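Subject: Structure handover

Hi,

Here is the structure I promised you. Please open it and keep it beside this email as you read.

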Number of protein chains: 2
Amino acid sequence: MAGEFDLIKRYAPRGADRSDVLLGSGDDAALLQVPAGRVLAATVDTLVQGRHFPEKTNPYDIGWKSVAVNLSDLAAMGAEAAWLTVALTLPRELEGREAWMQAFCEGVHDLAKAHDVAVVGGDLTSGPTSITVQALGHVGEREALRRDAACPGDLVAVTGALGDAALALYLLDNSAAPVPEALLGRLNRPAPRLDAGRALAGLAHAAIDISDGLAADLGHVLEASGVGAVLELDKLPLSSEFRAHCPEGLMESMVLTGGDDYELCVCLSEDRLDEARAAVPGLTVIGRLGTQTGLQVFNAEGKTVELGRAGFDHFKENG
Amino acid sequence: MAGEFDLIKRYAPRGADRSDVLLGSGDDAALLQVPAGRVLAATVDTLVQGRHFPEKTNPYDIGWKSVAVNLSDLAAMGAEAAWLTVALTLPRELEGREAWMQAFCEGVHDLAKAHDVAVVGGDLTSGPTSITVQALGHVGEREALRRDAACPGDLVAVTGALGDAALALYLLDNSAAPVPEALLGRLNRPAPRLDAGRALAGLAHAAIDISDGLAADLGHVLEASGVGAVLELDKLPLSSEFRAHCPEGLMESMVLTGGDDYELCVCLSEDRLDEARAAVPGLTVIGRLGTQTGLQVFNAEGKTVELGRAGFDHFKENG
């Protein structure tokens, strides 16, 4: 059986080749050139099997998603993604372990390469399956989309349809029929909105990516910025697949508190809206910020929607 | 029971306050200022319970060690450590979980602060205990201590005593008597040799930190640089505690293939030795590089020492 060093050499995902990688994997640390006048953006996220992805998720998708959720965080800063490190823990006794690793690494490599991101470091250990990815990028300091810079009066907008990933997860658990590919793809291979984030850098005031659900994530922006928001439920963008497959009565919770969409939620001045829409096709205005704190959502009849469970919390909930 | 967000806020280790942290924990990504003319150094390592630290290790020491092994990698590049991210996975059902977290975070904070390193991001998930730390720092591009830059004729030197951590681990498993604190401290609270690394940057040719054992780690340098080395066993620095407690016949394997020392092994030109010794007290020459590839170790009688197990390999071995 191949040892750690052999496995790392054989399957190590490289991602893109970049001239700003002065020294990549294989030394004690990677050496990377941050462009002059830009600041480093750094984020980290761990995915644990059975919690962040269903047990049966194929390893290619796990690799993809591990990268996607981190690139999504850079997108939410308006940053350009440049480099990744990947720490993989995998049971030694896992059946088909080498094939698993190979597929996982392909998933990492493919998404990284698609976004011109280099994989510059990694760590492989044996233990219960989990993955921690750190994504590094850069952004102009004054252009960064922080959570604390939203202003009363700003429009609230999202970059794409909400609820697809939560619906896919629900159907996996509760439906005997195969889950439509279009929904499953949103759950297993989310698309980090790096282009949208870069386009909105220096244009929008604030942004966050929707990982824990719109209500919870927008809530972080509201809290950090000391503002409140009013959203209109029937303005939330839904995909045709979502409309076709969402069970009666579950729409509200799927789109408001379902996580894993990885769309961006941005706050921007109304007078920049046309510019933002031109730069980000599909940007949808869903509400407006005000000075009264808290989040209120109204449905088409003008009634307040109960938000209930405020978001995904790994320790509070079973999610 | 407190939820994830509460726990993170309550115990989050901050480390040092640094003016180059433009935005710390709490947003989608941290924003960090790499000094002009320096390149970013990035490294990542995962620690899994029962594999990288004994089950009974106290959480303060686990936090400390998680940081130490990563700062050690920056030290081995000759880099100045600046920032950390910490991803912690901990079982939700763990008894005394909050106290565990608090102590863990104190260990992270204390070592980070001692080296003027800021903790700029984190992630907390529930699952089997593991920790992934990413350390970020910076170094002058031409001063970095790479593995591939060692030269034939270079002296091989180490920054401190070897074998203490391996002996502590051995005694924990095989001795009923309490393990001497001086040895246990080397295992549980290793000291990253950041000062030595910085002092040797631009002075030594190559360096690596000794995490998997001298033979394995020096072996990486030899392979990357296309050189070989001859070491003299009786020149390897041993602590008085080590000499007092190491069982007959185990010395060679402890100092040559025992891991977890986190001393630096450096290769440098003989004409820079005085300068290096002045900058790094305790630097000990243990051998010399040559053009014949491979690693040979001779004992005091001039006989070749069998290296046997070449180093710590998580997948090959039980270590």
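Which residues are buried in helix H5 (residues 181-188) of chain A? They are A:Leu183, A:Leu184, A:Arg186, A:Leu187 and A:Asn188. Bear in mind that this is a predicted model.

Now step back to the whole of chain A. Chain A holds 10 helices and 12 strands. Its radius of gyration is 20 Å, and the globule rule gives 20 Å for 319 residues, so chain A is as compact as a globular protein of that length. Along the principal axes, the C-alpha atoms of chain A fill a box of roughly 65 × 55 × 35 Å. Of the 319 residues of chain A, 57% count as buried. Look at the contacts in chain A between residues at least 6 apart in sequence: 86% of them join residues at least 24 apart.

Next, the domains. Chain A splits into domain 1 (4-142) and domain 2 (145-298). The C-alpha centres of these two domains of chain A lie 25 Å apart. Where they touch, domain 1 of chain A gives 22 residues and domain 2 of chain A gives 20 residues. On the domain 1 side, H2 and strand S4 (80-90) of chain A each supply at least two residues. H2(A) has the largest share of that side, with 10 residues. By type, the domain 1 side divides into 12 nonpolar, five polar and five charged residues.

Last, turn to chain B and find the sheet. Strands of a sheet pair through backbone hydrogen bonds, either parallel or antiparallel. In what order do the six strands of this open sheet run? The order is S8-S10-S7-S11-S9-S12 in chain B, and the pairing is mixed. Strand S8 (206-209) and strand S12 (294-298) of chain B are the edge strands, each pairing on one side only. From one strand to the next, the twist averages 25°.

Strand S9 (residues 228-232) and strand S11 (residues 284-290) of chain B run antiparallel over four bridges. Start at B:Gly228: its bridge partner in S11(B) is B:Gly290. Then find helix H7 (residues 214-225) of chain B, which packs on the sheet. H7 touches strands S7 (155-158), S8, S9, S10 (264-268) and S12 of chain B. The direction of H7 makes about 150° with that of S8(B).

Best wishes

Technical notes. Residues are numbered from 1 along each chain as its sequence is written. Chains are lettered from A and ligands numbered from 1 in the order in which they are written. This is a predicted model: local features need pLDDT of at least 70, side-chain atom pairs count only at pLDDT 80 or more; totals for chains, interfaces and linings use all residues. A residue is buried if 20 or more other C-beta atoms lie within 10 Å of its own, exposed if 12 or fewer, and partly exposed in between; C-beta atoms are placed from the backbone. Domain bounds come from an automatic or database domain assignment. Two residues are in contact if their C-beta atoms, placed from the backbone, lie within 7 Å. Ala, Val, Leu, Ile, Met, Phe, Trp, Tyr, Cys and Pro count as nonpolar, Asp, Glu, Lys and Arg as charged, and the others, Gly among them, as polar. Two strands pair if DSSP finds at least two bridges between them. Axes are lines fitted to C-alpha atoms, for helices over the stretch in contact, and angles run from 0 to 180 degrees between N-to-C directions. The radius of gyration is taken over C-alpha atoms; the globule rule is 2.2 Å times the number of residues to the power 0.38.
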